[in-house]
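Here is a short report on a few local features of one chain.

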Amino acid sequence: GGRGANGAQLAPTPGALSPPLAPMMADEVASEEEEEEMWTPIESLKGTDLEWSTVIVSEVRDENGIMRKKSRCLFCSGTYSGGPANIRTHIDIAIKPRNIKGCKPKTTFAARQRDVLTALRARAAEAQSKSTLAQAKAAARTVNAPDPAVQFFK
């Protein structure tokens, strides 16, 4: 963003910080009311949008000159690679085994990190209960299914 040589408004820089992904820099402090207004409501983030709303993804060159995507956590500024599963592993320090360092949010973002973590755990519990229910239904179908060999000999 900013102004060009002739005073014309320039387009935002690709990968630049923008709300709601990066409402303010880590050294700025917001009141709780301001912080609530900065973020997209968790209830409106469907699928993996919740996970992706916690990071800024950028491309960086590794030591071999190859472009790699890196995620920077908005809560602690930590960087790591990977998708939604890795984001969940970073945010939820209770997930074991770990291949990514856990998130230690800055005070400014601790409340939002806690809210996101609560929502992620609730979604995981809901998915687990649906999976368990589906397995129970499948088991009930196989137990109650008629044996084809018995029917053949009648």
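Trp39 and Phe75 are both buried. The model is predicted.

**The aromatic cluster**

Why is the Trp39 and Phe109 pair edge-to-face? The ring centres of Trp39 and Phe109 are 6.0 Å apart and the planes stand at 85°, so the pair counts as edge-to-face; the cut-off for that class is over 60 degrees. Trp39 sits in the loop between H1 and H2, and Phe109 sits in the loop between H3 and H4, so this pair ties together parts that are 70 residues apart in sequence.

In total there are 2 aromatic pairs. Trp39 also pairs with Phe75, and that pair is tilted. Here the loop between helix H1 (32-38) and H2 holds Trp39, while the loop between S2 and S3 holds Phe75, so the pair ties together parts 36 residues apart in sequence.

A pair of aromatic rings is described by the distance of the centres and the angle of the planes. The table gives these values.

| Ring pair | Centre to centre | Angle between planes | Class |
|---|---|---|---|
| Trp39 and Phe75 | 5.9 Å | 50° | tilted |
| Trp39 and Phe109 | 6.0 Å | 85° | edge-to-face |

Ring pairs join Trp39, Phe75 and Phe109 into a cluster.

**A buried loop residue**

Is Thr54 buried or exposed? Thr54 is buried, because its relative accessible area is 1%. Thr54 is placed in the loop between helix H2 (49-52) and strand S1 (55-61). Beyond its sequence neighbours up to four places away, Thr54 touches Arg72, Cys73, Leu74, Phe75, Ile87, Ile91 and Val116. One of these contacts, Phe75, is also a member of the ring cluster.

**Backbone details**

Ser77 is not a glycine, yet its phi is positive, about 70°. Ser77 belongs to the loop between strand S2 (67-73) and strand S3 (79-80). Ser77 has a relative accessible area of 29%, so it is partly exposed.

Which residues does a cis peptide bond join? The bond links Lys96 and Pro97, with omega about -10°. Pro97 lies in the loop between helix H3 (84-91) and helix H4 (110-144).

Note on methods: Residues are numbered from 1 along each chain as its sequence is written. This is a predicted model: local features need pLDDT of at least 70, side-chain atom pairs count only at pLDDT 80 or more; totals for chains, interfaces and linings use all residues. Side-chain values use heavy atoms; hydrogens and water are left out. Helices (H or I, at least four residues) and strands (E, at least two) are DSSP runs, numbered from the N terminus. Buried means under 20% relative accessible area, exposed over 50%, partly exposed in between (1.4 Å probe, protein chains only). Contact means heavy atoms within 4.5 Å. Rings of Phe, Tyr and Trp (its six-membered ring) pair if their centres lie within 6.5 Å; planes under 30 degrees apart count as stacked, over 60 as edge-to-face and the rest as tilted.
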